[in-house]
Amino acid sequence: MVKNLKLLDKALQLLPEVKETVVEPLDIAAFLKPLKKGDSVEIDFGRHLVGHIKLKLGYVRSHPDAPVWLRFSFAENKKEFEERVEDYQGWICSAWVQQEQVHIDLVPGEYFLPRRYSFRYVKIEVLDVSSKFDLIIEEAKAVALSSADDSRLSAYHSENKELEQLDRIACNTLHDCMQKVFEDGPKRDQRLWMGDLRLQALANYETYQINDMVKGCLYLFGALPMENGQVGACVFLDPEPEVDDTSMFDYSLLYVVALWDYYKQTKDKEALRDLWETARTQISLAQKRVDNGIVRDRDVLGWCFLDWSLELNKQAGAQGVLLYAMQSAIAIAQELRENRDAECLKGTYEVYRKAAKAYFYDEKKGLFVSGENRQISYASQVWLILGGVVDSEEGLRILHNVAADREALEMVTPYMYHYYIEALLKCNADEEALAVLTEYWGGMARLGADTFWELYNPKNPDESPYGGTIVNSYCHAWSCAPAYFLRKYFGEN
């Protein structure tokens, strides 16, 4: 594995400390009752949090003469309590399910569960206890963890209280995903993913403004490339920093965009210089998958994600992401006075842009199509618009056309909805963008979300890409878009 130790050292110095906050449950009286074998209690901490749980246990009747055997279940969403892990048949490892069985030898006493969990609700079931005594949970506290500094978060103000609620939930989402790095989801997968980082960083610039954390994460990706120089889809921090073996065509390219976003926010030219070679390499690698100005279908550098959909053809979307990233690469090269690179990139960008319009645009339908079956999807329209293939006026017509096409493949993740809203704003459709944001994220809020989810399909709220909602993430970084869009484009403060 290739490691750039100089960049890695900088990255680790930039990462923040994780702070602890003690959180009390909502209704203490709900669990202050004697518990026998087969009994259970549910504890509600009032909000989503990431961290540990501490218990103070006591007893009534005879002195304990045997261990207590308990099962703990942690849930971000109460729906998780409705499913049995034994029934889960999905493809993601069931070890992610937040359940533990423990034996507690000494009662009375205090007990601290050492694993970190992501939860609002905790269910404690008594699997067995001696018939000579009953267990009492005298205290239950959570130790919440986050590197976000709440003193730096200003309030968002709007006459529309629903928008204030959406901002608050989005900020909660970002807060709980901010650990040592920007995690994708604190329940699962608990690591730094490139696609999530780009959206978290945008939200951070409008909220907590812990920009060194963004810089540290960008340096981590730069320090830990794959063997061919490609930015990996994600990196692990523990037990030591290491890139995963998963590569994604679009995520690697979004590194270039995230770097330019960071520079626009901070004017940190040192970081731009340090990481330019990494960014330029992502463009060069992607270009190897291009023939006659067009990204080859089903032959991209690693899996091209775009959205959680097995039906989605990725060719047009991949082309759009490449063009989108090239726009940022051109801007970086110009800023660094890498004039030769800038001119070369501009020339190639124009070739790819014109080829995309000629190859993917269907004049009759007024839409972009993708793949040999000429599939129509929201993702294809959004990414080719963001890639600059059409101007804002034509882009808006295309977005209206796809909305009217009943056969168009729809979006299912907040990640893709983020870029849909970005495309609407690029096409000067601010009111439409706000309406989409309010309806989509508002749907999760109306279902009781206090953090936003990894996946939300309004037509099927229980959908899971993994084969069971018990492993779904109900606090996910790529869902924090409202905090970014509302504060940047629709705020009064």
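Colleague: Glu 17, buried or exposed?
Modeller: Glu 17 is exposed, at a relative accessible area of 59%; exposed means over 50%, buried under 20%, partly exposed in between (1.4 Å probe, protein chains only). This is a predicted model, where local features need pLDDT of at least 70, side-chain atom pairs count only at pLDDT 80 or more, and totals for chains, interfaces and linings use all residues. Residues are numbered from 1 along each chain as its sequence is written, and side-chain values use heavy atoms, with hydrogens and water left out.

Colleague: Which residue forms a salt bridge with Glu 17?
Modeller: Lys 180, with the closest N and O atoms 3.7 Å apart. A salt bridge here is a side-chain nitrogen of Lys or Arg within 4 Å of a carboxyl oxygen of Asp or Glu. Lys 180 is partly exposed at 29%.

Colleague: How many salt bridges in the whole structure?
Modeller: The search finds 38. One network links Lys 10, Lys 215, Asp 268, Glu 270 and Asp 274.

Colleague: And Asp 261, what does it form a salt bridge with?
Modeller: Arg 198, at 2.7 Å between the closest N and O atoms. Both Asp 261 and Arg 198 are buried.

Colleague: Switching topic. What volume does the largest pocket have?
Modeller: About 490 Å³.

Colleague: Which residues lie nearest its centre?
Modeller: Arg 198, Asp 261, Lys 264, Glu 422 and Tyr 484, out of 20 lining residues. A pocket is an open set of points on a 1 Å grid over the protein atoms alone, where a 1.4 Å probe fits, with protein on both sides within 12 Å along at least five of seven lines; lining residues have an atom within 4 Å of a point. The volume is the space filled by probe spheres set on the points, which are joined across faces, edges and corners.
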